[in-house]
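Colleague: I'd like to learn how to read a ligand site and the aromatic pairs in a model. Could you walk me through them?

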Amino acid sequence: MKGPQREPRVAAAPRYHRIRRLAIGLTLMAMVVLAGWWQRLWLLGGGYLLVTVLGLLGLLGLLGLRHYLHLRRREASLRIAALAFETHLGMLITDAEGRILKVNRTFTRITGYREEEVVGRNPRMLSAGRHDDAFYRRLWRQVKRQGSWQGEIWSRHRSGEVFPEWLTISAVRDDRGQLTHYVATFSDISRRKAAEQEIHQLAFFDPLTGLPNRRLLLDRLQSALKDSRRNGQFGALLYLDLDNFKRVNDSRGHHQGDELLQHIARQLEGVLRDVDTLARLGGDEFAVLLQDLGQDQEEVERVAERVTHKLLGVLQTPVMLGAEPLTMTGSIGITLFRDPERTVDEVLQQADMALFQAKKAGRNTLSFFDPAIQARVQARARLEADLRQALPRGQLRLHYQRQVDADARVCGLEALLRWQHPERGMVSPGEFIPLAEESRLIIAIGDWALEATCRQLARWAGEPAMAGLTVSVNVSPQQFHEPDFVEQVEAILARTGAPARRLKLEVTETLFVHDRDDARDKMLRLKAQGVTFALDDFGTGYSSLAYLKRLPLDQLKIDQSFVHDLLEEEASAAIVASTIALAESLGLEVIAEGVETEAQRAWLTTHGCQAFQGYLFGRPVPASELMIAVA
Ligand SMILES: Nc1nc2c(ncn2[C@@H]2O[C@H](COP(=O)(O)O[C@H]3[C@@H](O)[C@H](n4cnc5c(=O)[nH]c(N)nc54)O[C@@H]3COP(=O)(O)O)[C@@H](O)[C@H]2O)c(=O)[nH]1
């Protein structure tokens with residue numbers, strides 16, 4: 001194995017050595033020649049120069065090549081950047097101070113502004129004015145801290161039209177970390193928003209009426225229950241069903257049925273507050289969610305009942321459907337909620353059961369889920385119906401309560417209403433006046449009381465013991481706010497022949513909450529006739545001292561609740577003492593009402609009160625029973 005392997009090598013050796021010797025000989029010769037040349041150049045002193053020149057030439061060549069390659073690369077990236085800049089996204093670049101340097105064509109397409117119109121200006125020129133300063137502060141804080149911000153923002157088109165956009169802002173920094181530019185890219189998302197809105201509309205609103213649907217109602221009811229647990233305020237859920245709606249559909253067709261539902265939805269909305277939710281549950285069924293009705297249950301019941309009556313009233317307003325008018329009625333079931341344990345399902349179920357009761361009770365009616373509330377509501381309804389008859393049937397009376405001075409001499413009287421009910425006997429005004437106010441019957445009743453007082457005043461004008469007495473009569477805010485109230489009083493005075501200077505009108509603080517100027521004007525016109533004014537229940541209501549000095553009042557009446565607690569409660573005593581001092585400093589008379597004991601009278605006298613009214617001096621009695629001695 002080894003022999004055949006070595007044989008060829010022995011044969012090639014002389015040729016190989018010949019070639020090697022030839023190559024070495026040639027190299028040596030070249031070296032000798034080059035060395036000769038080199039020696040000669042060196043000797044000529046140009047050796048160094050040549051090396052330097054050759055070196056520099058080489059370096060320049062290399063730099064030139066690098067620069068060329070760099071330019072090629074930059075040109076390529078600029079081409080790419082320019083291409084990228086002209087994208088489907090709007091783009092703008094500002095300097096570090098926020099001045100616009102460049103915008104792309106999409107920017108112009110979306111905003112309507114050409115580049116030359118915006119360069120040098122601040123991008124805030126595009127602001128729609130829909131975000132507050134805090135929004136922009138947060139945005140820029142994030143750009144500064146995190147290098148970029150993105151989100152939805154409202155912008156304004158050159159035409160003034162406002163549109164939503166999706167915006168990204170990035171801060172650009174150089175190698176040393178210095179801020180050099182901001183780059184903003186954005187897209188118009190109006191269409192996406194419109195689509196989202198449409199989806200939301202379909203999911204949460206009824207397509208026929210545009211009202212919230214059952215799903216949205218449930219959402220709102222859920223949060224209403226949470227709120228009511230938190231703030232202790234009552235809420236109410238009302239279920240409303242149109243009576244005999246099917247007949248409308250059958251006789252007039254579905255088109256008119258739909259029209260009717262749309263009309264009713266608008267009308268019902270019209271009598272509700274913005275914060276209330278009116279929903280259509282389907283067919284002819286609606287629901288109303290009322291929130292934050294207060295903490296006093298009886299007051300809340302009354303509010304819910306009032307709203308329900310308004311809704312039922314709306315339904316009864318005739319509607320022109322096609323050529324013929326149509327009048328509808330409805331039934332309403334109501335449940336109140338505040339109980340922390342109550343669930344959405346329970347509330348819905350209760351409203352439904354109450355609606356069933358209302359339907360069963362004969363339609364065009366309301367029914368509360370709670371039987372106790374229902375009983376109270378029905379009792380009030382009966383009382384109101386009776387009260388409507390009280391005036392025409394002559395069941396109202398006036399009683400008079402004496403007012404005395406520091407020497408217990410009668411100096412005036414207060415006329416107080418009484419209702420002689422045929423079955424219930426004497427009904428207290430405390431019971432029927434609030435009802436009369438709710439139903440606005442108070443205007444007619446108040447006018448009657450005023451006229452009856454004036455007739456009595458005219459009679460007393462001929463009696464020496466009574467002629468010098470002033471008679472006070474209560475005027476409710478509704479009555480006072482009637483546009484022709486002054487003319488009414490003037491007409492009554494003229495009709496009855498009562499001396500105006502003997503008539504004192506008792507008004508309350510609530511009168512001056514709204515339209516104070518109108519109230520002042522009316523008072524001044526009546527005062528010009530000789531009529532005087534007392535401010536009743538002082539300290540229990542609005543009690544703004546500012547209005548006191550502007551109004552032409554003659555007397556302050558200290559409310560009986562303060563007099564009652566005067567000797568037991570320091571706060572009441574302090575209020576009474578301040579009221580007396582205030583009246584004195586404003587030059588007004590002061591009278592304390594509800595004085596029941598000698599100790600209260602003594603305390604009041606010591607603190608400067610000079611006039612009193614209360615059971616201590618006499619209860620309200622009919623005019624025929626007043627026994628007043630000639631002064
Ligand atoms: N708008 C009108 N309101 C009227 C009219 N008549 C009465 N009213 C208001 O009804 C409320 C209840 O009145 P009434 O039951 O008559 O009670 C008055 C007095 O009887 C009662 N009073 C008087 N002295 C005492 C007392 O010593 N103790 C005690 N517990 N009660 C007493 O106080 C009522 C006086 O009311 P006022 O001075 O008006 O505040 C009442 O709010 C009447 O205003 C009317 O014609 N129109």
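**Reading the ligand shell**

Modeller: Happy to! β14 (410-421), α12 (429-438), α13 (442-460) and β18 (532-538) each give at least two residues to the shell around the ligand, where helices (H or I, at least four residues) and strands (E, at least two) are DSSP runs numbered from the N terminus. This is a predicted model, in which local features need pLDDT of at least 70, side-chain atom pairs count only at pLDDT 80 or more, and totals for chains, interfaces and linings use all residues. Residues are numbered from 1 along each chain as its sequence is written, and side-chain values use heavy atoms, with hydrogens and water left out.

Colleague: Which element gives the most to the shell around the ligand?

Modeller: That is β14, with 4 residues. In total 24 residues surround the ligand, each with a heavy atom within 4 Å of it; Arg418 and Tyr615 are among the closest.

Colleague: Which polar side-chain atom lies 2.5 Å from an oxygen atom of the ligand?

Modeller: One of Glu593. A polar contact here is a pair of N or O atoms within 3.5 Å. A ligand nitrogen is also 2.9 Å from a side-chain N or O atom of Gln401, and a backbone N or O atom of Leu417 lies 3.0 Å from a ligand nitrogen.

Colleague: And how is an aromatic pair described?

Modeller: By the distance of the centres and the angle of the planes. Rings of Phe, Tyr and Trp (its six-membered ring) pair if their centres lie within 6.5 Å; planes under 30 degrees apart are stacked, over 60 edge-to-face, the rest tilted. The count is 8 aromatic pairs. Trp140 and Tyr182 are edge-to-face, at 5.3 Å and 70 degrees. Trp140 is in helix α5 and Tyr182 in strand β5, so the pair ties together parts 42 residues apart in sequence.

Note on methods: A polar contact is a pair of N or O atoms within 3.5 Å; within protein, one must be able to donate a hydrogen and the other to accept it, and residues adjacent in sequence count only if both atoms are side-chain atoms.
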